[in-house]
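This report looks at how two parts of one chain meet, and it asks what kinds of contact join them.

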Amino acid sequence: MEKSYIVKQISIFSENRPGRLAAIAGALRDAGINILAFSIAEADGFGVVRALVDRPEDAYRTLTDLGFRVSFTDVIGVKMRDEPGGLSDIASILGDAGINIEYAYAYSGKDAAVLILRVDQVEDAVRQILARGGELLKASLSR
């Protein structure tokens, strides 16, 4: 059951210079792949674009064919209250269970905010959140 909540995130590694994000986004657009959420991090002249897309395998193929280095990471998407205390609730559940949040990014949707989490114990995190009444996104993100 826990595996049905584990979402496949793509991470794209690229030089941090003008036009690289446009090339990534344009390639996904041309392939008809929808970007649902993303973040960008920078380190030593390189950027890491982390993204949730509706067709991760196709995105992987599209971007590697263009020469980008791409990898998959298991993350979870937690629906949270879009009001003060929403993040605190989720962070407390995981912290109380001894689960470390390695990184996170969020977006606000029509019905709720969604927190995308990379944690060190993915299946344990899913179990803890569900046991405490939390709501998770299903692994299939296509619309």
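Across the interface of domain 1 and domain 2 the rule finds 0 salt bridges, a salt bridge being a side-chain nitrogen of Lys or Arg within 4 Å of a carboxyl oxygen of Asp or Glu. The model is predicted, and local features need pLDDT of at least 70, side-chain atom pairs count only at pLDDT 80 or more, and totals for chains, interfaces and linings use all residues. Residues are numbered from 1 along each chain as its sequence is written, and side-chain values use heavy atoms, with hydrogens and water left out.

The two domains, whose bounds come from an automatic or database domain assignment, are as follows.

| Domain | Residues |
|---|---|
| domain 1 | 4-73 |
| domain 2 | 75-142 |

Their C-alpha centres lie 22 Å apart, and 14 residues of domain 1 are in contact with 18 residues of domain 2, where contact means heavy atoms within 4.5 Å. The area buried between domain 1 and domain 2, that is, the accessible area (1.4 Å probe) that two parts lose on being put together, summed over both, is about 1,500 Å², and carbon and sulfur atoms give 67% of this area. On the side of domain 1, the residues Y5, I6 and V7 lose the most area to domain 2, and together they make up 43% of what that side buries.
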